[in-house]
Amino acid sequence: MSTSIDAPLAKVPEVTLAFWIIKIAATTLGETGGDAVSMSMKLGYLDATAIFALLLLAAVTAQIRAKAFHPFLYWATIIATTTVGTTMADFADRSLGIGYSGGSALLLALLLASLLVWYLSLGSVAVGSVRAPKAEAFYWVTIMFSQTLGTALGDWTASSAGLGYTGAAVVFVGLLLIVAAAYWWTHVPRTLLFWAAFVLTRPLGATLGDFLDKPLGAGGLALSRYTASAVLVAFIVLCVALLPQRAAREAH
């Protein structure tokens with residue numbers, strides 16, 4: 001349902017093809033950047049999570065205090081959620097010993113609980129409803145859980161399911177194509193499809209990131225995590241600067 005023309009605009013972007021291009025690049029950066037800090041810098045998952053959590057807190061605070069939609073601020077906050085999601089998922093899966101399947105199940109439960117509480121509190125979990133600080137808080141908590149879940153799902157599919165990074169990427173591309181087909185040719189609620197696609201783009205980015213920086217013997221390209229992250233940052237900056245974006249007006 002469209003909002004009134006006089007209603008305040010959401011402080012999140014309209015969901016377009018540009019949104020999904022940048023989202024996939026950001027989630028790939030989350031994997032290479034998170035691994036660069038936790039593994040290449042040898043800080044470990046817990047310390048890396050603490051660093052990224054502080055950056056996320058600062059970004060979300062700035063996002064909530066902003067008076068309007070600012071593309072660079074929004075995508076910086078998305079990148080903060082996906083880097084903390086990477087290290088948090090790795091900490092849960094590996095350091096806590098619950099494994100990829102246990103981590104995925106736990107994070108799925110947290111994501112669904114976040115969406116449920118958000119819906120019961122405000123009556124909508126649609127992108128176009130993200131205007132007031134309370135809705136923004138729910139939005140970013142939900143996104144953080146979705147990003148963390150996506151990391152665990154990507155690792156589970158590539159490792160536990162034995163598909164490897166390219167095989168897992170193909171699976172998630174296929175699932176995203178199904179979501180896209182449902183968007184164009186069915187009446188499935190758009191909000192449901194948005195969150196499904198949002199979750200699925202994260203494991204796609206995770207497997208792409210792992211494919212770029214994991215050793216050749218593990219099925220990766222063995223690229224430097226720093227180089228891969230720098231290239232992805234440059235790509236995202238160019239996309240945000242050149243691709244048109246505007247604040248969401250309608251629910252998706």
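Let's begin inside the protein, at Phe 69, which counts as buried at 13% relative accessibility; buried means under 20% relative accessible area, exposed over 50%, and partly exposed in between, with a 1.4 Å probe and protein chains only. This is a predicted model, where local features need pLDDT of at least 70 and side-chain atom pairs count only at pLDDT 80 or more, while totals for chains, interfaces and linings use all residues. Residues are numbered from 1 along each chain as its sequence is written, and side-chain values use heavy atoms, leaving out hydrogens and water.

Tyr 74 also counts as buried, at 0% relative accessibility. A search of the whole structure finds 17 aromatic pairs, where rings of Phe, Tyr and Trp (its six-membered ring) pair if their centres lie within 6.5 Å; planes under 30 degrees apart count as stacked, over 60 as edge-to-face and the rest as tilted. Phe 69 and Tyr 74 have ring centres 6.2 Å apart and planes at 65°, so this pair is edge-to-face. The rings of Tyr 139 and Trp 140 are also edge-to-face, because their centres are 5.0 Å apart and their planes stand at 85°. Both Tyr 139 and Trp 140 are buried. Ring pairs link these residues into a cluster whose members include Phe 69, Tyr 74, Tyr 139, Trp 140, Phe 19, Trp 20 and Phe 198.

Now follow helix H1, residues 17-40. Helices (H or I, at least four residues) and strands (E, at least two) are DSSP runs, numbered from the N terminus. H1 has 24 residues and reaches 33 Å from its first C-alpha to its last, close to the 34 Å expected at 1.5 Å a residue; the expected span is 1.5 Å times one less than the number of residues. Of the 24 residues of H1, 19 are buried, so the helix is largely enclosed by the rest of the structure. Just after H1, Lys 42 takes a positive phi of about 60°.

Next, the charges. Side chains of opposite charge can pair when their charged atoms come close. A salt bridge here is a side-chain nitrogen of Lys or Arg within 4 Å of a carboxyl oxygen of Asp or Glu, and a search of the whole structure finds seven. In one of them, the side chains of Glu 14 and Arg 246 meet at 2.7 Å, N to O. Glu 14 lies in the segment before H1 and Arg 246 in the segment after helix H8 (225-242), so the pair ties together parts that are 232 residues apart in sequence. Glu 14 is partly exposed at 22% relative accessible area, whereas Arg 246 counts as exposed at 53%.

Glu 31 and Arg 202 form another salt bridge, with their closest N and O atoms 3.3 Å apart. This pair links helix H1 to helix H7 (residues 190-213), 171 residues apart, and both partners are buried. Lys 214 bridges to Asp 210 at 2.8 Å between the closest N and O atoms, and both of these residues are buried. Salt bridges that share partners join Asp 35, Asp 210, Asp 213, Lys 214 and Arg 225 into one network.
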